[in-house]
Amino acid sequence: MTAPTCLFCRIVADRIPATVVARSEHSLAFRDIDPQAPTHVLVVPRRHVHNVGELAQAPEELADLVALAARVAEQEGLDRGYRMVANTGSEGGQIVFHAHV
């Protein structure tokens, strides 16, 4: 399921170009167009999910999202550590309402 006006759904559907760095069965990882760190990659579920909290109802997709984030961190040489953030809801700082870390 995708949301036709959702930015990340349009990226997943290849309707908006993005620099994709990795893919998995349930997730897609691409570089942020306005990076806030030297390495800033967004990992999103392929299916439209409003926020990360909703992924609690889909543990396989949540595990896939986190596993892909770890794989990207390894690819990017972040062996000393990395930060994974999930803003949830407008009061939590979420701007694009499609789950992402």
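Reply: Let's start with a term: two strands pair if DSSP finds at least two bridges between them. Keep in mind that this is a predicted model. The part I'd pick is the sheet, along with what sits around it.

With that rule in hand, look at β1 and β2 (residues 27-31), which pair in the antiparallel sense over three bridges. That passes the cut-off of at least two bridges, so the two count as a pair. Ala22 has Ala29 in β2 as its bridge partner, and Val20 stands opposite Phe30 in β2. The link from β1 to β2 is a hairpin, made through three residues. While you have the strands on screen, remember that in a regular strand the side chains alternate between the two faces of the sheet.

Now zoom out to the whole sheet. It's open, with three strands in the order β1-β2-β3 and antiparallel pairing. β1 (20-23) and β3 (41-45) are the edge strands; each has a single partner strand, so one side of each has no neighbour in the sheet. On average, neighbouring strands are turned by 20° against each other, ignoring direction. Across β1, β2 and β3 lies helix α2 (residues 59-75), which runs at about 130° to β1.

Next, follow the chain out of β3 into the loop between β3 and α2, where you'll find Arg47. Arg47 counts as partly exposed because its relative accessibility is 32%, between the 20% and 50% limits. Not counting residues up to four places away in sequence, Arg47 touches Met1, Ala58, Glu61 and His98. The Met1 contact brings together residues 46 apart along the chain, with 5.5 Å between the C-alpha atoms of Arg47 and Met1.

Glu61 takes us back to helix α2. The side chains of Glu61 and Arg47 are joined by a polar contact of 2.9 Å.

At 0% relative accessibility, His98 is buried. A polar atom of the His98 side chain lies 2.8 Å from the backbone oxygen of Pro45, and Pro45 falls within β3 (41-45). Setting aside residues within four places in sequence, the contacts of His98 include Val44, Pro45, Arg47 and His48, plus Cys6, Phe8 and Cys9 from elsewhere in the chain.

Finally, have a look at the largest pocket, which holds about 1,000 Å³ of space. Of the 37 residues lining the largest pocket, Asp32, His40, Val41, Leu42 and Val101 are the closest to its centre. β2, β3 and α2 each give two or more residues to that lining, and so does α1 (7-12).

Technical notes:
Residues numbered from 1 in each chain as written. Predicted model: local features only at pLDDT ≥ 70, side-chain atom pairs only at ≥ 80, totals over all residues. Heavy atoms only, no water. Helix = DSSP H or I, 4+ residues; strand = E, 2+ residues; numbered from the N terminus. Axes fitted to C-alpha atoms, helices over the stretch in contact; angles between N-to-C directions. Contact = heavy atoms within 4.5 Å. Buried < 20%, exposed > 50% of the residue type's maximum accessible area, 1.4 Å probe, protein only. Polar contact = N/O pair within 3.5 Å; in protein donor to acceptor, adjacent residues only side chain to side chain. 1 Å grid on protein atoms, 1.4 Å probe; cavity = no way out; pocket = protein on both sides within 12 Å on 5 of 7 lines; lining within 4 Å. Points joined across faces, edges and corners; volume = space filled by probe spheres on them.
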